[in-house]
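Here's a quick tour of one protein model. Have the sequence and the coordinates open as you read.

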Amino acid sequence: GYVADPFPHYRAARVFVLASDHEGSPNALWEAMSVGLPVLVSDSVTGAYEICQESHSVRFFRNGDSSSLAKQLMYMGKTSIVMRRSRSNAQLISEKFSRTAVFRVWDKVIF
């Protein structure tokens, strides 16, 4: 359901899973990555490829394939380097999609 401030939930989590069939602009994914969570994303979330292409803390699983998801979860649980990369990538992702960066792009497009 609705949560006014999701960030305490993100900070308490160890991994974020986006198992959607379809997503336009996956805001929850950006939020999770901005706090340094390692992320598992369904391969049907096409917008995630653009966001995650530079990140080494994102892994994809086959949509609807629970064994693929379980395999990726186990990998993340056993691999501390994924956790370290996630935290270090969080700053880069936050900057790339920050309000300032987005407004800079809009200014180039509009003006």
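Where does Trp30 lie? Trp30 sits in helix H2, with helices being DSSP runs of H or I of at least four residues and strands runs of E of at least two, numbered from the N terminus. This is a predicted model, where local features need pLDDT of at least 70 and side-chain atom pairs count only at pLDDT 80 or more, while totals for chains, interfaces and linings use all residues. Residues are numbered from 1 along each chain as its sequence is written, and side-chain values use heavy atoms, leaving out hydrogens and water.

Here's how two residues come out for exposure (buried is under 20% relative accessible area, exposed over 50%, partly exposed in between; 1.4 Å probe, protein chains only).

| Residue | Relative accessible area | Class |
|---|---|---|
| Trp30 | 27% | partly exposed |
| Arg62 | 49% | partly exposed |

Trp30 is also 19 residues from Arg11 in sequence and 13 Å away in space, C-alpha to C-alpha. As for Arg62, its side chain meets that of Asp65 in a salt bridge at 2.7 Å, N to O. The rule asks for a side-chain nitrogen of Lys or Arg within 4 Å of a carboxyl oxygen of Asp or Glu, and the count comes to one.
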